[in-house]
Amino acid sequence: MAASKSIGKPSATRRRALQAAAGVAAVSALSKAASAAPDIVGVWKLVAARTTDASGKQVAVPYGPRGMGIVSLTADGRMMAVLVDGRSKVPDGATREYSSYCGNYTFDGSTLITTVDANSDPARFSVPQMRKVRLVPPPGEVNGVKVTRELSWEKISPVSL
């Protein structure tokens, strides 16, 4: 009859095998978490926009009643966004709203952070731009009133420009 091994502290070989198994499990869990995150790489188009004041009352429609916008996010962490009032003619005295910027981005599954390195309005994009998955920009001011803009996007291509 073979001698039985004592139950207790695992051998060095067994400990290394357990550590390797734990490492594989951790990598597997991280991979599953990453794959559960929304895939934002691709091209997105603006489908709706609204601006609300601090009380939640809608005060304006960003980029006019026919706002146009496109965002492209690459797999290697580069992005660009272009937004404009898409009406063929704006009313007399009105200014056509336009915004564009680009930069490197990171995305953790819930927050998109863009480090802007070129843009149409340096005053607006002087700090990293943080957006929740819904891509809601930080509050700003319109005609001296603090407002929040919410832009809704639809993915139109899984491949970036």
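## Strands and a hairpin

Strands are DSSP runs of E with at least two residues, numbered from the N terminus, and two strands pair if DSSP finds at least two bridges between them. The model you are looking at is predicted, so local features need pLDDT of at least 70 and side-chain atom pairs count only at pLDDT 80 or more, while totals for chains, interfaces and linings use all residues. Residues are numbered from 1 along each chain as its sequence is written, and side-chain values use heavy atoms, leaving out hydrogens and water.

Let's start with β5 and β6, which run antiparallel and are joined by 7 bridges. Y101 has N119 in β6 as its bridge partner. Between the strands of this hairpin there are 3 residues, and G109 takes a positive phi near 100°. On to β4: this strand runs antiparallel to β5, again with 7 bridges, and L83 has S99 in β5 as its bridge partner.

## A look at S72

Now find S72 in strand β3, residues 67-73. Is S72 buried or exposed? S72 is buried, with a relative accessible area of 4%; buried means under 20%, with a 1.4 Å probe and protein chains only.

A polar atom of the S72 side chain lies 2.9 Å from the backbone nitrogen of L161. Leaving aside neighbours within four places in sequence, S72 is in contact (heavy atoms within 4.5 Å) with residues including G42, R78, S160 and L161.

Conventions. Helices (H or I, at least four residues) and strands (E, at least two) are DSSP runs, numbered from the N terminus. Buried means under 20% relative accessible area, exposed over 50%, partly exposed in between (1.4 Å probe, protein chains only). A polar contact is a pair of N or O atoms within 3.5 Å; within protein, one must be able to donate a hydrogen and the other to accept it, and residues adjacent in sequence count only if both atoms are side-chain atoms.
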